[in-house]
Amino acid sequence: MMQTWFESKVKYMKVSESGSESMVTENFLLDAVSYTDAETRIIRQMQQIVRGGEFQIVDIKKSRIAEVFPYENGEWWFKAAINLVTIDEDAGKEKKIKTNYLIMADDIKEALNRLDESLEYLVIPFVVTSLAVSPIVDVFPYNPEEAQIPDGYVPVSVVEEKKNPIFTDGVNPFTEEEQEAAPAEEIAEETEVAEEIADSAEEKPEE
């Protein structure tokens with residue numbers, strides 16, 4: 001499944017290592033299924049970070065980051081932009097596709113080495129056009145348990161069941177035998193009623 005990254009900007013009171021407090025605005029990256037999911041998850045994450053303090057979600061937008069390469073150690077997140085070099089067969093010319101990545105490292109040299117290592121799977125040549133420290137301070141990968149499904153989404157399993165809307169909750173309360181017997185019973189009842197009406201008409205005395 002292709003990841004969709006959302007960048008969220010949050011303003012909150014941050015406590016430094018020395019114990020001093022200052023108001024900061026920081027950027028966070030989240031892998032989410034929708035804007036609703038992204039907002040719900042960043043609120044939960046900030047509640048854990050701030051621990052009872054106040055914070056404000058300043059902005060949430062889709063990020064142009066295509067993939068994130070985390071490592072066990074690294075001081076900074078670096079944003080790398082590369083051009084994938086392909087050939088446009090119709091035009092017969094070289095075509096470049098720009099793609100952005102986020103990679104964790106201690107310095108720019110290590111970031112470049114880790115980028116090359118992480119992109120070894122590419123079978124087409126590429127050129128690194130820029131590499132710099134990103135304003136993003138933390139990344140929260142997708143967690144299905146935290147996902148918030150937007151209103152109006154219908155699970156595929158429900159659609160495939162094709163429930164009958166005529167009956168309550170879409171479930172037919174009758175068995176197949178009862179359904180087949182029902183028309184015959186209705187015909188018999190109608191016949192009996194018709195006979196009773198005919199008999200009463202014959203027994204009625206003439207005035």
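The structure is a predicted model, in which local features need pLDDT of at least 70 and side-chain atom pairs count only at pLDDT 80 or more, while totals for chains, interfaces and linings use all residues. Residues are numbered from 1 along each chain as its sequence is written, and side-chain values use heavy atoms, with hydrogens and water left out. The protein chain has four helices and eight strands, where helices (H or I, at least four residues) and strands (E, at least two) are DSSP runs numbered from the N terminus.

**Overall chain**

- Read along the sequence, the elements of the protein chain follow the pattern β-β-α-β-β-β-β-α-β-β-α-α.
- Of the 207 residues in the protein chain, 27% count as buried, a term that means under 20% relative accessible area, whereas exposed means over 50% and partly exposed lies in between (1.4 Å probe, protein chains only).
- Among the contacts in the protein chain with a separation of 6 or more, 64% come from residues 24 or more positions apart, a contact being heavy atoms within 4.5 Å.
- The protein chain exposes about 15,300 Å², of which carbon and sulfur atoms supply 50%; accessible areas come from the Shrake-Rupley method with a 1.4 Å probe, and for residues only the protein chains shown count as cover.

- Four strands form an open sheet in the order 3-1-2-8, with mixed pairing, and two strands are taken to pair if DSSP finds at least two bridges between them.
- Strand 3 (55-62) and strand 8 (136-140) stand at the edges with a single partner strand each, so one side of each is left without a neighbour in the sheet.
- Neighbouring strands of this sheet are turned by 25° against each other on average, direction ignored, with axes fitted as lines to C-alpha atoms, for helices over the stretch in contact, and angles running from 0 to 180 degrees between N-to-C directions.
- Strand 2 (residues 21-31) and strand 8 run parallel and are joined by four bridges, and Leu30 stands opposite Phe140 in strand 8.

**Helix 1 on the sheet**

- Helix 1 (residues 35-50) packs on the sheet, where it touches strand 1 (5-15), strand 2, strand 3 and strand 8, and its direction makes about 145° with that of strand 3.
- The buried residues of helix 1 are Asp37, Ala38, Thr40, Arg41, Ile42, Gln45, Met46 and Val50, and what covers them includes strand 1, strand 2, strand 3 and strand 8.
- The 16 residues of helix 1 should span 22 Å at 1.5 Å a residue, which agrees with the 22 Å between its end C-alpha atoms; the expected span is 1.5 Å times one less than the number of residues.
- Arg51, which follows helix 1, has a positive phi, near 55°.

**Salt bridges**

- The count comes to two salt bridges, each defined as a side-chain nitrogen of Lys or Arg within 4 Å of a carboxyl oxygen of Asp or Glu.
- Glu26 forms a salt bridge with Lys14, with the closest N and O atoms 2.8 Å apart, and this pair links distant parts of the chain, since Glu26 lies in strand 2 and Lys14 in strand 1, 12 residues apart.
- Glu26 is buried, with a relative accessible area of 12%, whereas Lys14 is partly exposed, with a relative accessible area of 34%.
- Arg114 and Glu110 meet through their side chains in a salt bridge (3.3 Å, N to O), and both lie in helix 2 (residues 108-118), four residues apart, about one turn of the helix.
- Arg114 is buried, at a relative accessible area of 10%, while Glu110 is partly exposed, at 22%.
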